[in-house]
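Biologist: Can you put the model up? I have some questions about it.
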Amino acid sequence: MSEELLGINDLHVSFSTRRGMVEAVRGVTLSVEKGEMLGLVGESGSGKSVTGFATTRLLDAAGRVTGGKILFRGQDVTKLRGDDLRQLQGAAMSMIFQNPRAALNPIRAIGLQIADAILTHKKISKDAARAETLELLCAVQIRDPETRMNAYPHELSGGMCQRVMIAIAISCNPALLIADEPTTGLDVTTQKVVMDLLADIAAARGMATILITHDLGLAARYCRRIAVMERGRIVEEASPKKLFSAPQHAYTRRLVAASPTATSRIEDLVTEEERERHATIVSKPRQQLPHGTPPLLEVRKLAKRFDQGSAAVADFSMTMAGGESVGLVGESGSGKSTTSRMICRLIDPSEGDIVFDGQSIGHVASRDFHRSPLRKDIQMVFQDPNESLNPRFTAFDCIAHPLMRLDGMRAADALRKRVEECAERVGLPLDLLPRFPHQLSGGQKARVGIARAIACRPRLLVLDEPTAALDVSVQAVVLQLLDRLRRENDIALLFVSHDLNVVRMLCDRTIVLRNGGIVEQGESRALFDNPKTDYTRKLVEAIPHIETGPALAAAL
Amino acid sequence: MTTGLGATMVRAGRRLLSSLPALFGVLVFTFLLMRVLPGDPAVFFASGPNAGKEEIEQIRKQMGLDRSVPEQLVFYLSDIGHGNLGRSMMTGQPVLKDLRERLPASLELTFTALLIALIAAVPLGVVAALKPGSIVDHGVRLFCALGVCVPTFVSGLLLIYVFYYLLGLAPDPTGRVDVFTSLPPQRTGFLSIDFLLAGDIEGWWAACKQLILPAVSMALFVIAPLARITRASMLVSLGSDFVRTARSVGLSWRKVVVTYALRNAILPVITIAGIVFSTMLGANVLVEKVFSWPGVASYALDALLSSDYAPVQGFVLLMASLFVLVNLVVDICYGIADPRVSIA
């Protein structure tokens, strides 16, 4: 086509590890035109970030380009050395990273960091650099830039830090910007603001952008062309519309199906071939509770204040029936995790009461709650499957531990049987039980976490962002698993998440939190289709939508 | 900025107050320990080995040792409250005066040693971290290992043998200056500074020459922990996201390594340097002995050997106070170097 800015030709990248060379990228061919935004989509380990790092020459010491060419304006980037390379980095192409706070120097004022980048490539005075820094801060819409120049990264929010990062990246007007998961970890509303800003800046300055992301919806919203990567190869490249309406490659089909959309149902998350098993279970209807059954959980006017300052949660009331699923959504800092932890009795509420199955448990100190007979009825699944498993416990120990502590099971045979039963219920192959967490994949660890939580047959399961750290295809399977457990065993689910699409699918009712208070609540589908408050509407609108035309519906 | 400084001062004050109970504990503990240790000071300080029973009793009464231990403790504490650390039986002088004379010598030696150690250790650690697994890295590791496994008195004697006996470069290793040099008027107690203030360059050079060997032999011992910490935290720093950011915009190598990586990596080194300093101050008795350095540690050791209670108790109190002070200084330095701390 017209003007090719970047041409990657049969790129191979290998990493030397303890187990020998591992090939992360195996023959990627890509081209980026001047001023276009290209989406590079794939799950973790697909090699999309490595491709980005190879292009900007930021690979770890262990990583090496073993084959292929990266042509930038006709010049092979992989062969550049010394000053030639430095003139390229920052000035001609630059990069924006995931986790913006870590990407900024924690002990250097942000104004200086931006000025560092400017002074590297322009021979101007410090005052002139300062003036340019101010302009850049204005360009990335940071309010009160004069004062913020002297701020340190820890004094800014995640979204602010990412704007500063963008300011650094665009400081020398590069022709190519590579954004590596620029909004992962940010709230949906912040994500929208940051991405809109990035797209506007790129358009205004005529920069070409590669958007590396695991989120198909995000790529579809901002890119006109999307390349899908799997295991180091590009499996498909097409316009978003074509990708969603007629995915050619099997992997793309799976990925498209697993990405939750505004209309998808839990059972839609896997492709047709994989669906058979699941369908039989879903057909079993949920038993209706007779009218007048007392609620399983009743929370009255719960409040939590930390040491000093305003309340993290205030005046929070809700009820849950047995077997019901309720979603708790809100941006970071809205108090959703604090609330879920109070209900789990992991932290003590400052005010209010929690009634579980007719018994008041709000006043039992969280320190002593492990002795309560109700402990095994309320269990929790935590956000990070890596951090929430003891690294020195095997999967078997992890699942057996609550059984021994809470159910008092000692007999080895019975214990083994129960653990294996739990593992089977969450679909964890039994031969993985003797493994340690680091020998398991993310999805397998998530299953161990869920198996541990359901081991004592709880009646209420509190899940704090259980799929936030997982790839969409793994998330799809975990969500189906949770839905199945709920239907089979009548476990009530309190699902804490920032992902509204997931909540919409999984939960009967949804509660929207903001600044520690309830903004809106109601039946999930109605609430999302027709939000009553501006805040909820803003949240719903910020979700990247995937256009699901009739063609797609037919394909599924 | 002013609020940050104010907050630091408030924190410092609070830390000082909270360390008072610990200091009191140290005081009582040392006092009791000295009474439990074998050896009777009255016998030791009596006129001779065949001193009579009455004479010993009299000395005992004079020293207040005839009273019960709790009574002695009360007297001791009230003395301390009045700023009186007692009198040394060895030197016949008040302990406070002895310590005040000797502390600058110890401090000067320790400061110099720490400075030498830092000047050597930080670059070594940085060089090792820049090329982990290379020959340079292994060389630094070997050097550190040697420094740690050779005791200070051995390295001190080796240095004396080479630089004084063989090469004749160093002066006679006895004391802070040779006997013929006239001392400058005492201002800071640090001879190298006092000579400079007095404008006596020759005297300054003489003092420095005396200082360098003991300081180096002490420094050799602590280079290892400092270099290892620098290397480890430099490796973390170099692998961090913000260094990657700095490289992504093409900052110069110098800027990346020094301004971005090293400034962050130096934070834990500050903490370790504080610990190393406190340890050196108490543990440099061997070096002081080898080089006849008139410091507090050798003073306390002599007192301990002769069951002279007051100097030992005074020394322990001094060390404990210095430890508190050094930690405080480290905290303040850390607060200045890391803007995140004042928030937390």
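Modeller: A word on domains before anything else: their bounds come from an automatic or database domain assignment. Also, this is a predicted model.

Biologist: Which domains does the assignment give for chain A?
Modeller: Domain 1 covers 4-259 and domain 2 covers 304-542. The C-alpha centres of domain 1 and domain 2 of chain A are 34 Å apart.

Biologist: How many residues does each domain of chain A put into the contact?
Modeller: Domain 1 of chain A gives 12 residues and domain 2 of chain A gives 10 residues.

Biologist: And on the side of domain 1, which elements give two or more residues?
Modeller: Helix H8 (188-205) and helix H11 (250-258) of chain A.

Biologist: Now the core. How many residues are in the largest nonpolar core?
Modeller: The largest nonpolar core has 213 residues, and Leu494(A) and Leu226(B) have the most contacts inside it. Helix H9 (residues 201-238) of chain B gives the largest share of this core, 17 residues.

Biologist: Where does this core lie relative to the domains of chain A?
Modeller: Between them, because domain 1 (4-259) and domain 2 (304-542) of chain A both give residues to this core.

Biologist: What does Leu494(A) touch?
Modeller: Leaving out residues up to four places away in sequence, Leu494(A) touches Met320(A), Val326(A), Leu328(A), Ser340(A), Ile343(A), Leu460(A), Val462(A) and Leu463(A). There is also a second, separate core of 14 residues, which includes Leu85(B), Val296(B), Ala300(B) and Val312(B).

Biologist: Switching to the two chains. How many residues are in contact between chain A and chain B?
Modeller: 24 residues of chain A are in contact with 18 residues of chain B. On the chain A side, the elements giving two or more residues are helix H2 (82-88), strand S6 (93-96), helix H3 (100-103) and helix H4 (110-121). The largest share of that side, 4 residues, is from H4(A).

Biologist: What is the split by class on that side of chain A?
Modeller: The residues of chain A that touch chain B divide into 12 nonpolar, 10 polar and 2 charged.

Biologist: H10 of chain B next. How many of its residues are buried?
Modeller: Helix H10 (residues 241-248) of chain B has 7 of its 8 residues buried, so the helix is mostly covered. The buried ones are Phe242(B), Val243(B), Arg244(B), Thr245(B), Ala246(B), Arg247(B) and Ser248(B).

Biologist: What follows H10(B)?
Modeller: Gly250(B), which has a positive phi, near 75°.

Biologist: Back to chain A, helix H15. What is its span?
Modeller: H15 (residues 412-425) of chain A has 14 residues and reaches 20 Å from first C-alpha to last, close to the 20 Å expected at 1.5 Å a residue. Its buried residues are Val419(A), Cys422(A) and Ala423(A). Down the axis of H15(A) the buried residues fall within an arc of 100°, so they line one face of the helix.

Biologist: Which residues are on the other side of H15(A)?
Modeller: Asp413(A), Ala414(A), Lys417(A), Glu421(A) and Glu424(A), which are exposed. The buried residues of H15(A) pack against helix H14 (395-406) and helix H16 (442-454) of chain A. After H15(A) comes Gly427(A), with a positive phi near 70°.

Biologist: Where is Asp431(A)?
Modeller: Asp431(A) is in the loop between H15 and H16 of chain A.

Biologist: Buried or exposed?
Modeller: Asp431(A) is exposed, because 7 other C-beta atoms lie within 10 Å and the cut-off for exposed is 12 or fewer.

Biologist: Last one, Val26(B). Which element holds Val26(B)?
Modeller: Helix H1 (residues 2-36) of chain B. Val26(B) has 18 C-beta neighbours inside 10 Å, so it counts as partly exposed. Apart from neighbours within four places in sequence, Val26(B) is in contact with Val316(B), Leu317(B) and Ala320(B).

How values were computed
Residues are numbered from 1 along each chain as its sequence is written. Chains are lettered from A and ligands numbered from 1 in the order in which they are written. This is a predicted model: local features need pLDDT of at least 70, side-chain atom pairs count only at pLDDT 80 or more; totals for chains, interfaces and linings use all residues. The expected span of a helix is 1.5 Å times one less than its number of residues. A residue is buried if 20 or more other C-beta atoms lie within 10 Å of its own, exposed if 12 or fewer, and partly exposed in between; C-beta atoms are placed from the backbone. The arc is that of the directions from the helix axis to the C-beta atoms. Two residues are in contact if their C-beta atoms, placed from the backbone, lie within 7 Å. Ala, Val, Leu, Ile, Met, Phe, Trp, Tyr, Cys and Pro count as nonpolar, Asp, Glu, Lys and Arg as charged, and the others, Gly among them, as polar. A nonpolar core is a set of buried Ala, Val, Leu, Ile, Met, Phe, Trp, Tyr and Cys residues joined through C-beta atoms within 7 Å.
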